[in-house]
Amino acid sequence: MGHVNLPASKRNPRQWKLLDIVSAAFFGLVLLFFLLVFTPLGDSMAASGRQALLLSTSDPRQRHRLVALIELGHHHQPIEACPADSVDHMPCEDPRRNSQLSREMNYYRERHCPPPDEMPLCLIPPTHYYKIPVQWPESLHKIWHSNMPHNKIADRKGHQGWMKEQGPYFIFPGGGTMFPDGAASYIEKLGQYIPISGGTLRTALDMGCGVASFGGSLLSEGILTLSFAPRDSHKSQIQFALERGIPSFVLMLGTLRLPFPAFSFDIIHCSRCLVPFTAYNATYFIEVDRLLRPGGYLVISGPPVQWAKQDKEWADLQAVARILCYELIAVDGNTAIWKKPIGDSCLPNQNEFGLELCDGSDDPSYAWYFKLKRCVTRMSSVKGECAVGTIPKWPERLKKAPSRTLVIKNGIDLFEADSKRWARRVAYYKNTLNLKLGTPAIRNIMDMDALFGGFAAALISDPVWVMNVVPAQKSSTLGVIYDRGLIGVYHDWCEPFSTYPRTYDLIHVAGIESLTKNPGSSKSRCNLVDLMVEMDRMLRPEGTVVIRDSPEVIDKVEHIAHAVRWTATIYEKEPESQGREKILVATKTPRKLSSLSH
């Protein structure tokens, strides 16, 4: 510092330049220290640092060690929040990842999950002004704007009656592109040609559903519709549907079979879904045929049905339907209705699309990451009665053991025992565990390992719907669930589920550890920590988790429940049940974005 007192003529120019640099660096460090300690920037950078540590995938071994510590209860800090921009994150439908993939047959819009070691180990935060959702049935008509503040659909489709912003709510007049006057009047028109009422039809699939007003309106007719759409330019359409309490699922018809068994749906509906049914040698029509129950109905409303400048596409669509012996029931304006034949297809040996029957080795109900086949499913490939008109009407079909129970040895006996078991268990849940089942607080439910759908069947008198998930590595019982008049999907729980965050009020699983292993094996394919972080992503704040398993597994689950910030209580099983099970009931405590970072 002595140089400062020298006369100007004696100063060394080079030393003075160096001194400037040193002084600037010093004062810069002082300023940075001040910013980090005394301003919000420090908190933000610290939070980012913590998140970077949790999100880092550079060292999988470190991640594995952290997972092991959490399972053992030796990691006493709760899992941190994901970044604020991840409030709507779906790991397997991430536009940043998928936009780099091929557009051919909409491959880039299908599921593409990151490797397990690249999955962020953090908790998805809520929106800044999140509120506990509007309860059913009021939610069918309005939801909180703050829970998903995305105005794109309201701005673009409000004039068609999809949805509108009104004060603190989004409201849903019930319209759609092809039924701007409301789904109710549209369904009434369909009822002139299809037995909408009376229980003949129960399960429906709505392709490219928008905000699912069609499926929501069918509920009053006793028809349970699973609505699906991809994550696309209409941001969050499925998220809106689920917030309304309508059964929905993020899905794209692209290169793979849809994750449902053969002959699941009594009616399949497309209202301007823009699926090119006759493209790729009618591959997409063939997939719809695989899913449609013999004697079921196919409704296509919008292009190409009598649509301007789509004469060839409309002619091709009619030609494919004729080749497969579909009966054209009606063409009403831009809506066409076909009925699928009950017997084996009359497919000719030669046809303009080159369609052939699948050979006997094809299992038409195998549909987890299975490439679309360009062959037509034989109706005889599914054993027993499954045609509309031959299976019992709703609600009788719920309790009768379908012939597809025979996929499991002694299936009919197991079905009867499963039904009695779940009736007993659900009564215990309501009367002893005081779960809010049967109240407006619970609408959207998931059963992560549904088997025959016994849990859902026991809830049939409650104002709920259940997504019955059949693990892809277990026995294929999903056909039984559809034959009963319930709905569900195949899924592998070593991957994230195709839904938005905060979409289920209650998640139930019996035998959670089995979801991480192959049947008959003690070796884990994935871990409970990642699985429960995914459950937390799907669960709404104040939502409930019910987990049944052995005392040893429940002990691990309790450790993880604390790490994901759930409030958990362990109960004894119902007295009549056999085995060593315990039951963990947990609640996802409401939390704000800022509180997750500390």
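Q: What do buried, exposed and partly exposed mean here?
A: Buried means under 20% relative accessible area, exposed means over 50%, and partly exposed is in between, with a 1.4 Å probe and protein chains only. In this structure, C82 is buried, with a relative accessible area of 4%.

Q: What kind of model is this, and how are residues numbered?
A: This is a predicted model in which local features need pLDDT of at least 70 and side-chain atom pairs count only at pLDDT 80 or more, while totals for chains, interfaces and linings use all residues. Residues are numbered from 1 along each chain as its sequence is written, and side-chain values use heavy atoms, with hydrogens and water left out.

Q: What counts as a disulfide, and how many does the structure hold?
A: A disulfide is a pair of cysteine sulfur atoms within 2.5 Å. The structure holds five disulfides. One of them joins C82 to C122, with an S to S distance of 2.1 Å.

Q: Where do C82 and C122 lie?
A: Start with the terms. Helices (H or I, at least four residues) and strands (E, at least two) are DSSP runs, numbered from the N terminus. C82 lies in the loop between α3 (60-72) and α4 (95-98). C122 lies in the loop between α4 and β1 (142-144). The pair therefore ties together parts that are 40 residues apart in sequence. C122 is buried, at 4% relative accessible area.

Q: What is the handedness of the link between C82 and C122?
A: Look at the angle about the S-S bond. For C82 and C122 it is 95°, and the link is right-handed.

Q: Why is the disulfide of C92 and C113 right-handed?
A: Its torsion about the S-S bond is about 110°, so the disulfide is right-handed. C92 lies in the loop between α3 and α4, and C113 in the loop between α4 and β1, so the pair ties together parts 21 residues apart in sequence. The sulfur atoms of C92 and C113 are 2.0 Å apart.

Q: Are C92 and C113 buried or partly exposed?
A: C92 counts as buried, at 1% relative accessibility. C113 is partly exposed, with a relative accessible area of 22%.

Q: Which peptide bonds are cis?
A: Begin with the general rule. Most residues other than glycine have a negative phi, and most peptide bonds are trans. Here a cis peptide bond joins W136 and P137, with omega about 5°. P137 is in the loop between α4 and β1. The bond from P303 to P304 is also cis, with omega near 5°. P304 is found in the loop between β8 (292-301) and α10 (311-323).

Q: Where does a positive phi occur in a residue other than glycine?
A: M105 has phi near 55°. M105 lies in the loop between α4 and β1, and counts as buried at 14% relative accessibility. Q306 has phi near 45°. Q306 lies in the loop between β8 and α10, and counts as partly exposed at 47% relative accessibility.

Q: What does H269 touch?
A: Contact means heavy atoms within 4.5 Å. Not counting residues up to four places away in sequence, H269 touches Y186, L205, D206, M207, F214 and V299. H269 lies in strand β7 (residues 265-271), and is buried, with a relative accessible area of 1%.
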